[in-house]
Amino acid sequence: MNTHMTIYDISKKAGVSIATVSRVLNGSDAVKEKTRRKVMAVIEECGYKPNAFARGLGLNSMKTIGILCADSSDLYLAKAVYYIEENLRKDGYNSILCCTGFLQEDRESSINLLLSQHVDSIILIGSQYIGETSSQNQYIIDAAQKTPIMLLNGTLSDDNIYSIICDDKNAVKDATKKLLDSGVKKILYLHNSDTFSEKKKLQGFLEACKESNVKSYDEVKKSSSDNAIFYNVEKYTGSHEDIDNVRDDLLSFEKKSKIKYDAIVCSQDFLAVGAMKYARASKISVPDDMQIIGYNDSILTLCTEPSLSSIDNKLEDMCTKLIDVLISVLAGEENEHTHLFNATLVQKGTTKIN
């Protein structure tokens, strides 16, 4: 008898999905008799018995979900935690929150801690959990062999992993094209990290510029024409809580390059607030002389005058969908592994796009 067999191992050996094994163990009628016999034969052969917690099977469940969040002081992540916990309570589940920070070893130790608590599933909030190499993602794949893994705004293809993501690339691309179509000539993209989501946003910005035949500043800086049309990309490396530092960085960029942009697209709302502070310090009229777009459509958009235009990434809808999929997975039902949401630009006072 193999006492270390998991539902994942049974599904592999039987050649069926984890959900199918779950339905067999739950006595569901939604399984063909031939499939049921095949699964039961593997279970008997291996001597598999669901443990007392029956993770993911709905049997004697602990009714507890683990949540990983890198930084609960981040507005986006904090709001996501709120929406997820609110929806979990509605379905009778409790939660355990681990704030992991950004180090790989801390992420891995936190997910192992949650597994030791026999949680029914683990939710990873934010695209920063998705690494660039397979080795960086192996701890997620390993955890998915023991319990369903839910990713909010990150994607990873493997068994028992479910992704709820926003189409960040096309959201930024569409907003950038609208600015360029409105007559913007000098446009800056300001971002602050290299996460999966941030890379998609930057990709969208660059694609919009390319499709509009707008070249980078480095390509046109030898031109003396005031009518030159170009884009530039700058990265802010400070804290998301130090908005004054965003202003100071933009002032420094201006002093160094001698450029006054007529549009700034920001990958986060706090960067857009910093851009507004920069505009005021430089006596630039918004939106007449410079348009600004943020991302997340958070409460920060109401903290400036005029209010910030921002891209709404449908965070509340995404969190609701994530829990709906999770509850369905725990019930042994088949589900799509990726669900994509489209973001929309919410125009307020810092843009004048028709």
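How many bridges join β7 to strand β8, and in which sense do the two run? The legends below take this up first. This is a predicted model, in which local features need pLDDT of at least 70, side-chain atom pairs count only at pLDDT 80 or more, and totals for chains, interfaces and linings use all residues. Residues are numbered from 1 along each chain as its sequence is written, and side-chain values use heavy atoms, with hydrogens and water left out.

Figure 1. 2 bridges join β7 to β8 (residues 230–235), and the two strands run parallel. Strands here are DSSP runs of E, at least two residues, and helices are runs of H or I, at least four residues; both are numbered from the N terminus. Two strands pair if DSSP finds at least two bridges between them. The sheet is open, has 7 strands and shows mixed pairing. Its order is β7-β8-β6-β9-β10-β11-β13. β7 (215–216) and β13 are the edge strands, each pairing on one side only.

**Figure 2. Ser216 in β7.** Ser216 sits in strand β7. Its bridge partner in β8 is Tyr231. Ser216 counts as buried because its relative accessibility is 14%. Buried means under 20% relative accessible area, exposed over 50%, and partly exposed in between (1.4 Å probe, protein chains only). Neighbours within four places in sequence aside, Ser216 contacts Phe230 and Tyr231. Contact means heavy atoms within 4.5 Å.

**Figure 3. β3 beside β4.** Strand β3 (residues 121–125) pairs with β4 in the parallel sense over 4 bridges. Ile123 has Met150 as its bridge partner in β4. From strand β4 (residues 149–152), Ile149 and Leu151 point one way. Met150 and Leu152 point the other way, and all four are buried. In a regular strand the side chains alternate between the two faces of the sheet.

**Figure 4. The surroundings of Thr350.** Thr350 lies in the segment after β13 (344–346). It counts as buried because its relative accessibility is 0%. A polar atom of the Thr350 side chain lies 2.6 Å from the backbone oxygen of Ile292. Leaving aside neighbours within four places in sequence, Thr350 has contacts that include Met276, Val286, Pro287 and Met290. Pro306, Ser307, Leu308 and Ser309 are also among them. Gly294 is 56 residues from Thr350 along the chain, and their C-alpha atoms are 9.6 Å apart.

**Figure 5. The largest pocket.** This pocket holds about 710 Å³ of space. Of its 34 lining residues, Phe102, Ser127, Gln128, Ser193 and Thr195 are the closest to its centre. α4 (75–90), α5 (104–116) and α8 (196–211) are the elements that give two or more residues to the lining. α8 has the largest share, 5 residues. The lining divides into 8 nonpolar, 17 polar and 9 charged residues. A pocket is an open set of points on a 1 Å grid over the protein atoms alone, where a 1.4 Å probe fits, with protein on both sides within 12 Å along at least five of seven lines; lining residues have an atom within 4 Å of a point.

**Figure 6. The second largest pocket.** About 490 Å³ of space lies here. Of the 23 lining residues, Leu75, Tyr76, Asn296, Ser298 and Ile299 are the closest to the centre. α4, α11 (269–281) and α12 (315–330) each supply at least two lining residues. The largest share, 5 residues, comes from α4. By class, the lining has 9 nonpolar, 6 polar and 8 charged residues.

Definitions and conventions: A polar contact is a pair of N or O atoms within 3.5 Å; within protein, one must be able to donate a hydrogen and the other to accept it, and residues adjacent in sequence count only if both atoms are side-chain atoms. Grid points are joined across faces, edges and corners, and a volume is the space filled by probe spheres set on the points. Ala, Val, Leu, Ile, Met, Phe, Trp, Tyr, Cys and Pro count as nonpolar, Asp, Glu, Lys and Arg as charged, and the others, Gly among them, as polar.
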